[in-house]
Amino acid sequence: MKRKKIRLLLPVILVILFSFSTKSQTPDIYTIRDRIILDLISSNTNDKEIENLLLTLEPDGTWPGINYEDVSRTAFEHRIHTGNMVTLSKAFQSKKSKFHQNKRLQKAIELALDHWVEKDYFCDNWWHNQIGTPNNLVTVMLLAGNEMPKNLVEKTQPIIGRAHLEASGARPSGDRIKIAGILAKNQLFMEDYPQFEEVIKVIEGEIKFSSERGMQYDYSFHHRTDRVNNTLSYGLGYADAFVEWAVFVAGTRYAFSEEKTQLLVDYYLDGICKSMPFAKFPDTGAKNRGIARPGALNSMSSLTPQKLLQATDYRNEELKGVIANRNGGLEHHSQSHATFFWHSEHFTLQRPKYYTSVRMFSTRNHNMEVPYNSEGLKNHHRGDGTNHLNMTGMEYYDIFPVMDYQKIPGATILQKESLPSENEIQKPGTTDFVGAVTDGKFGAVAFDFRSPHDPLEARKSWFFFDDEYVCLGAGIHSGSDLPVVTTLNQNLLFDKVTVGDNKGSKSIGPGDHQLNGIEWVYSDQVAYIFPKSQSVNLFNGPVTGNWTEISKQTSIPKEDVTREVFKLWVDHGARPNEGTYEYVVVPAVDLNQAAAYDVHASLLIISNTAQIQAVKHHQLALYQLVFYNAGRLDLEKDFTIFMDSPGLVMIQMTDNEIKQITVADPSRKLGKIHFSITARLDKNGEDFSSIWNQSKGRSDIAVDLPKDVYAGKSVTVEF
């Protein structure tokens, strides 16, 4: 009898427990949903815009001016329709709008939504179907869905439901976390709390390192298996989506672990922010097809770091510094760094007054993103050892419709009559000796360059210090009768150009110029110094172009644009064999400083050959060395280094003694790097050994190198 009573009571107990569990979740659920709605209506609504949308809405629920027929990848103006519904819904929910809870507005939303679910527009670009449209519709549901007819709400669900974790676009990368976020918002609206909890776990789980798609172990970001750097495109969306949810669930039972939140902060500060001049502007060299969109280099808002501060106090002073810099002037930025993203072949250097970067590719990744959706149609050479430089963030702003895409800053390019087809942009790299050595403050970059487009090869290197950096090229060889040039810079021109030779200096008027015996060129706070007088080509003046030349998107501006442009390049001629170049870039100086700069007092170019490229900075007592082959190099009298293999070495001296050695293996083939130096170094550690060879008068040094996902990272040894 007792057993029977117990069996009868069990279902009742389970119902009570489930009811208690559900009620215990409810306050947290309400908190999260309220936070989402508050975030959605946080931007002010424009009542005049709302009035106009109401007046122009047609009886069939459409708006004039939208092409509802073209659903192609380059068009789909339907996004304007769902965007209008979002705008109306925000006003409906916002107490700041005079249309708050307005019945006329409610009917307009219903009419526009009814049209959409009736037609169910489907784009040739999957992104709109699985992310863009579902995201707009779930926003409408959260803001106005409770006021919509039940059958209309039900009809939206299959469309919103295209954002699901098995969707083709929900690959482990920035898009998966976006799709999961849409799904979570919809489950909140539909009050499916158990599934909401599962999706939150998925979102949290996406913050992780990956050797395939997603956040790489160097804090860069790959969206696809081509391993092209996507840190400032999909990687930004990845971070923003996680930060958004970290704030939404903070302090609730759904809150993310501190471990995951800290990893996101690390990625944001050490990946995203270190890929941006002054942690504020997108690095031109890190952008892909996105440069074909006007405003692609707009300064970043402080919203994401502000949200991170709401979620954690980890590295909060650094986050506050980013916020101050984005809200104010560049004087807030004081963090100097030299960072190499070895998974993406991208190097960045920040100094208080300037930022510069180098973009490369290797056998481990492709040269450039495919021009998806017909954007970035001339990006063939934008990964060919490109070197961009910023002091203000405006240097390359919207230069792209007028850019000469065969004179990319820093790159060595064969000058063809025209670029190949846009279908020929992406190519795999063919050399593996591509990388950098850095101790976090200084760095040297090496690129064994072979063009995937043309019969052209070169050994290119960059040596970065505090006030200047050195650019060397050697072994430049081409099998074509077309000329080869190396471009020092191509950027917007804001002031006059001055050149100097052994006779003095002079201003250069607008136009094309071929100049001989030039020792330096000055333009817009930058001095380009030639250690040996050089013949150069220079253009300064207006250039007219059109956005449609680099994008086929129907929304792109069609009008011609004109920009004042500065271009400076060295012509190596046709069929160069063992061609070279040497120049020094001195940023953030005035004209008097440029004219007075003594390159030989600051720097010594020790070697610039196809075998070894090496520079010494006198004041810093710093040597930076690139060995493309095993070899020997005399650094000073009675100071020689012997390399047993290719590799990169940086030697820091103090009081004529070696203080620190940093090494790296760009080829990623070595377990150890072996070299000898004619100096006595008596010290051993866990990952290195130094043995004094009395008979040869030198120290034989072996340094363990990082392996697997850390191969290519630098190792520093202190002495």
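These are my notebook entries on a predicted model.

**Serine 220**

I started with serine 220, which lies in the loop between strand S1 (214–215) and strand S2 (221–222). Is serine 220 buried or exposed? Its relative accessibility is 0%, so serine 220 counts as buried. I then looked for a polar partner of the side chain and found the side chain of serine 344, at 2.8 Å. Leaving out residues up to four places away in sequence, I listed what serine 220 touches: Gly214, Met215, Asn229, Thr231, Tyr267, Phe341, His343 and Ser344.

**Nonpolar cores**

I next looked up the largest nonpolar core, which has 91 residues. The residues with the most contacts inside this core are Ile32, Leu88, Leu105, Phe196, Ile203, Trp245 and Tyr267. Which element gives the largest share of this core? It is helix H9 (residues 234–249), with 11 residues. I noted that Tyr267, among the residues with the most contacts in the core, is also on the contact list of serine 220.

For leucine 88 I set aside the neighbours within four places in sequence. The contacts left are Ile50, Leu53, Leu54, Trp63, Leu105, Ala108 and Ile109. There is also a second, separate core, of 67 residues, which includes Met360, Phe400, Phe464 and Val565.

**Aromatic pairs**

My count of aromatic pairs came to 23. I took two of them in detail.

Phenylalanine 221 belongs to strand S2 and tyrosine 238 to helix H9, 17 residues apart, and the pair links distant parts of the chain. Both phenylalanine 221 and tyrosine 238 are buried.

In the pair of phenylalanine 242 and phenylalanine 256, the centres are 4.8 Å apart and the planes are at 20 degrees, so this pair is stacked. With a relative accessibility of 0%, phenylalanine 242 counts as buried. Phenylalanine 256 has a relative accessible area of 9% and is buried too, because the cut-off for buried is under 20%.

I also recorded a cluster linked by ring pairs: Phe209, Tyr217, Tyr219, Trp342 and Tyr710.

**Charges over rings**

I found the charged end of lysine 407 over the ring of tryptophan 569, 4.8 Å from the ring centre. The charged end of arginine 698 sits over the ring of phenylalanine 642, at 4.1 Å from its centre.

**Strands S27 and S28**

I checked the pairing of strand S27 (residues 688–693) with strand S28 (residues 698–704). The two run antiparallel and are joined by 6 bridges. Which residue of S28 is the bridge partner of tryptophan 692? The partner is serine 699. The strands form a hairpin with 4 residues between them, where glycine 697 takes a positive phi near 65 degrees.

I looked at strand S5 (residues 354–359) for burial. 6 of its 6 residues are buried, so S5 is largely enclosed by the rest of the structure. Side chains in a regular strand alternate between the two faces of the sheet. In S5, Tyr354, Thr356 and Val358 point one way, while Tyr355, Ser357 and Arg359 point the other way.

S5 pairs with strand S4 (residues 346–351) in the antiparallel sense over 6 bridges, and these two form a hairpin with 2 residues between them. In this pairing threonine 348 stands opposite serine 357. S5 also pairs with strand S6 (residues 386–390), antiparallel over 5 bridges. Here tyrosine 355 stands opposite asparagine 390.

**Phenylalanine 465**

My last entry is phenylalanine 465, in the loop between strand S10 (456–464) and strand S11 (469–478). At 0% relative accessibility, I count phenylalanine 465 as buried. Its C-alpha atom is 9.0 Å from that of alanine 444, which is 21 residues away along the chain. What does phenylalanine 465 contact beyond its neighbours within four places in sequence? I listed Leu349, Arg351, Tyr354, Phe442, Val470, Leu603, Val615, His617, Leu620, Leu622 and Gln624. One of these contacts, Tyr354, is a buried residue of S5.

Methods
Residues numbered from 1 in each chain as written. Predicted model: local features only at pLDDT ≥ 70, side-chain atom pairs only at ≥ 80, totals over all residues. Heavy atoms only, no water. Buried < 20%, exposed > 50% of the residue type's maximum accessible area, 1.4 Å probe, protein only. Polar contact = N/O pair within 3.5 Å; in protein donor to acceptor, adjacent residues only side chain to side chain. Contact = heavy atoms within 4.5 Å. Core = buried A, V, L, I, M, F, W, Y, C linked by side-chain atoms within 4.5 Å. Pairing = 2+ DSSP bridges. Phe/Tyr/Trp six-rings, centres within 6.5 Å; stacked < 30°, edge-to-face > 60°. Lys NZ or Arg CZ within 6 Å of the ring centre and 35° of its normal.
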